[in-house]
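Here are a few notes on the salt bridges, for when you next open this one. Have a look at the model first.

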Protein chains: 2
Amino acid sequence: MSQSDDPTPISRKRNPRGVTMEAVGRMAGVSQVTVSRALSDPSKVSPETMARIREAIAVTGFVPNALAGALASRKSMMVSALVPSITNIVYASMLAPFSEELKSRGYQILLSETGFDPEEEAATVEAHLSRRPDAILLTGVHHAPRTRRMLLGADVPVVEVWDMTETPIDLCVGFSHAASGRAVADFAREAGYRRAAGICAGDERAQRRLAAFAESFGQSSGTEVPVARTTRGNLAAGRALLAELIDERGFTGGLVACSSDVLAQGVLIEAAARGLSVPGDLAVVGFGDQELAAAVEPGLTTIRVNREALGRAAAQALLARIDGGNPSQDLIDVGFTLIRRASA
Amino acid sequence: MSQSDDPTPISRKRNPRGVTMEAVGRMAGVSQVTVSRALSDPSKVSPETMARIREAIAVTGFVPNALAGALASRKSMMVSALVPSITNIVYASMLAPFSEELKSRGYQILLSETGFDPEEEAATVEAHLSRRPDAILLTGVHHAPRTRRMLLGADVPVVEVWDMTETPIDLCVGFSHAASGRAVADFAREAGYRRAAGICAGDERAQRRLAAFAESFGQSSGTEVPVARTTRGNLAAGRALLAELIDERGFTGGLVACSSDVLAQGVLIEAAARGLSVPGDLAVVGFGDQELAAAVEPGLTTIRVNREALGRAAAQALLARIDGGNPSQDLIDVGFTLIRRASA
DNA sequence: TCAGCGCATGAAACCGCAATCATCACGAAT
DNA sequence: ATTCGTGATGATTGCGGTTTCATGCGCTGA
């Protein structure tokens, strides 16, 4: 009665590792090759065969092994993205459209944070290259020499974003940080501000923006432009740095240029806490035009960079290169706009 | 086979595709196997050989092909992470420590956004499974049946985060959203507020928090708790929803519970714009304890969830499972804390 | 009637590495 | 002297696909 338990489980080789095309094919009465074709180009397989294969796939729950596919076809269908920090909305908001654009073409994103250290970036690039991505996105244009060498040697499309350079590794989509700093200085001058100060986060690009602002405004106004610095670019830092400017650096009023909207919002809060009116006693300019810029009171005058367009353009440039051709241009300057609101 | 020493340049095929271990070995006078060993366990190779191999690697710029390695070893050294949105700091700030923890063990992150749609999530899970990740992180505990099936069939460690369930797919690290809503209601009651309202973003977990709050507070106070809803959880939405509560829903004062700190900040801004004092005329409670919560004026009373610890714990739980054993616990409730500041 | 052709399919050769087992030289133990 | 590790290395196999080339077959046109 209970003879269902066969004592010879020997021939019963239930593939202990996942289902393969081989197994699907066996079940559908075709070879592995035909299964492969069925998935990559159904038009090359007869409708009846196709149906049986589909059935077998459904029954077995087969999921193709993309690693094997990548090895054989030399196309990983992965794109690496290296950003300094994903918790920083500025990078995250570029990444989202970048990723979406690529996803629609079947690519997946291999993401890493690199911090702001070129050496760490180099190590990360190497780790990513070992996965043979079909393209790579890097943030910024300053890299360790080794990074450049590896990337050039790997013969893979590369796009550097969020900055501009005359000598990109391959492609570049960004804007000039120095120009954005000068634009704020121009605005300050034209709006009639006589004195100014700066508040700057630690990263290299923020410093370039503020340096350009300070130099430009300083030159045209003939005044000293004090710049307070911080490593962390949060609200608390913005508050603290305005306090520093006023209490320790003798800043008595004028325009405060900040390297980010968050810092600028911190300045607004500290100003309110001190009973200073904005823009009466103190004018504030931010950078980034994050959502908060339009929502705070008073509205924040700031530099807008179309981050979504930037991310999308970066993806499209890479796709163009992958598709074989050269994109229409290697360098894309997406520019920036000064958005004037109430704070300055 | 014996024609390797053939001087005819015809058969001499300068490998046009990247450098391989084979090539490195040839240059170092050893076999491919030895190169493989040199990289995976240097102690198994003699020092002199090691030196020659290193030299050859440096000269050729060899970068091992992790795809091939993964295929052969059945370990991809990749971990999938699926989050609703990377531009939402709440998810991004879990992801950062999660990724860091795994990176230190040699894993890389395959990231995708899934939005808030279970079907999209299922498709994304399938795409990720095809890459044979060594582990998977999912956000939330509500998934399409197909997702569950695929995941169980794939026999891969899975951790669901940012929520709790009694029936996890595998592991779960999170907290109870309903409990957090009730905690706010308890607080409101104990602090003596007689009336309350809610402001709620569109995602399912936010709604569960606010529903629990409204029910709990409504029951104990015997009042109706109006809840205004939005799809986008930004500052502007917070402002608009407070306006809606006051202008259209007859809300005249009391405590406003918000499903996120950002919405709460919007409420603060709108309140200020209307000349309402906080917490005098209006008390505000947020959720998340983002950086802004401590920095705004007045400081925001909110629910803190240790997102960094959560991300780290998720990573560690997965690593424990990968290492073969069962983690000490399948379900980890990281809890939450109500942080009282000036806004309520 | 038969070469010719397109279609559906299969066989075989990789892709680049890791895992397994075999080989070899050399010194210690018997 | 023979045996037996032991450390260093190589040959072989196969992971699960893609690609290329070969095959069988029914049908068309001269």
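This is a predicted model: local features need pLDDT of at least 70, side-chain atom pairs count only at pLDDT 80 or more; totals for chains, interfaces and linings use all residues.

1. Residues are numbered from 1 along each chain as its sequence is written, chains are lettered from A in the order in which they are written, and side-chain values use heavy atoms, with hydrogens and water left out.

2. Over all chains there are 32 salt bridges (a side-chain nitrogen of Lys or Arg within 4 Å of a carboxyl oxygen of Asp or Glu).

3. In chain A, look at A:D170 and A:R321, whose side chains form a salt bridge at 2.0 Å, N to O. A:D170 sits in the loop between β4 (158–161) and β5 (171–174) and A:R321 in helix α13 (residues 307–322), so the pair ties together parts 151 residues apart in sequence. Helices (H or I, at least four residues) and strands (E, at least two) are DSSP runs, numbered from the N terminus. Both A:D170 and A:R321 are buried (under 20% relative accessible area; exposed is over 50%, partly exposed in between; 1.4 Å probe, protein chains only).

4. In chain B, B:R274 pairs with B:D247, with the closest N and O atoms 2.7 Å apart. B:R274 is in the loop between α11 (261–273) and β9 (282–285), and B:D247 in helix α10 (residues 235–247). B:R274 is partly exposed at 32%, while B:D247 is exposed at 52%.
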